[in-house]
Amino acid sequence: MKKFGWTVWGILGFVFAPIGFIFLPIGLVAGNVRSLRVSGDLTMFRYVFIGMGMLFLVLGLGFLSCDLMRRHRLRQAYYGGNYVDARIRSIKEIRNVNMNGRHPSVIECSYVDPYGEEHIYKSRYI
């Protein structure tokens with residue numbers, strides 16, 4: 001089974017969403033607890049924690065949903081069974097990138113759709 005990895009946006013979502021889940025309840029509870037003896041205004045503390053919690057939660061869930069949708073689209077394309085017969089135009093070795101002591105290659109393919117329009121595709125590093 002092919003694995004589709006996480007990108008930086010998914011990792012940011014995994015970091016931001018739990019921070020939002022922690023900050024938001026702290027802000028909600030802090031304003032309702034009257035038995036605490038603190039000097040200063042709890043409303044500002046509450047607003048800051050609720051605002052930061054909502055911001056981190058929304059950003060984290062947004063980043064996670066974008067990356068999950070990307071992974072879903074890749075999985076659908078890979079396992080969907082849709083394919084085209086393309087002509088290989090070139091295979092280029094990328095000399096300025098080094099992976100495990102070797103240089104990756106990029107394949108450039110093209111195909112013509114039924115409407116007569118030519119599409120060009122460049123692969124990821126292979």
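This is a predicted model: local features need pLDDT of at least 70, side-chain atom pairs count only at pLDDT 80 or more; totals for chains, interfaces and linings use all residues.
E108 is found in strand β2, which covers residues 105-112. The side chain of E108 meets that of R89 in a salt bridge, with a distance of 3.8 Å from N to O, and this pair links distant parts of the chain, since R89 belongs to strand β1 and E108 to strand β2, 19 residues apart. E108 also forms a salt bridge with K92, where the closest N and O atoms are 3.9 Å apart; here too the pair links distant parts of the chain, with K92 in strand β1 and E108 in strand β2, 16 residues apart. In general terms, side chains of opposite charge can pair when their charged atoms come close.

## The β2-β3 hairpin

Strands β2 and β3 pair in the antiparallel sense over five bridges, and they form a hairpin with five residues between them. Within the turn, G116 has a positive phi of about 90°. E108 stands opposite K122 in β3, and the C-alpha atoms of E108 and I120, which are 12 residues apart along the chain, are separated by 7.0 Å.

Leaving aside neighbours within four places in sequence, the contacts of E108 include I120, Y121 and K122, as well as R87, I88, R89, S90 and K92. Strand β3 itself, residues 118-122, has five residues of which the number buried is zero, so this strand lies largely in the open.

The buried residues of α2 are F49, G53, F56, L57, G60, F63, L64, D67 and R71.

D67 also takes part in a salt bridge, its side chain meeting that of R70 at 3.0 Å from N to O. Both residues lie in helix α2, three residues apart, about one turn of the helix. At 2% relative accessibility, D67 counts as buried. The total number of salt bridges in the model comes to four.

## A nonpolar surface patch

W6, I11, F14, V15 and L68 make a nonpolar surface patch of about 470 Å². Helix α1, residues 8-32, supplies the largest share of this patch, with three residues. I11 has its place in helix α1 and is partly exposed, its relative accessible area being 48%.

Just after α2, G81 takes a positive phi of about 85°. N100 likewise has a positive phi, near 55°, although it is a residue other than glycine. Most residues other than glycine have a negative phi. N100 lies in the loop between β1, residues 87-93, and β2, and with a relative accessible area of 82% it is exposed.

Notes:
Residues are numbered from 1 along each chain as its sequence is written. Side-chain values use heavy atoms; hydrogens and water are left out. Patches are made of residues with over 30% relative accessible area and no salt bridge: like charges are joined within 9 Å, nonpolar side chains (Val, Leu, Ile, Met, Phe, Trp, Tyr) within 5 Å. Accessible areas come from the Shrake-Rupley method with a 1.4 Å probe; for residues, only the protein chains shown count as cover. Helices (H or I, at least four residues) and strands (E, at least two) are DSSP runs, numbered from the N terminus. Buried means under 20% relative accessible area, exposed over 50%, partly exposed in between (1.4 Å probe, protein chains only). Contact means heavy atoms within 4.5 Å. Two strands pair if DSSP finds at least two bridges between them.
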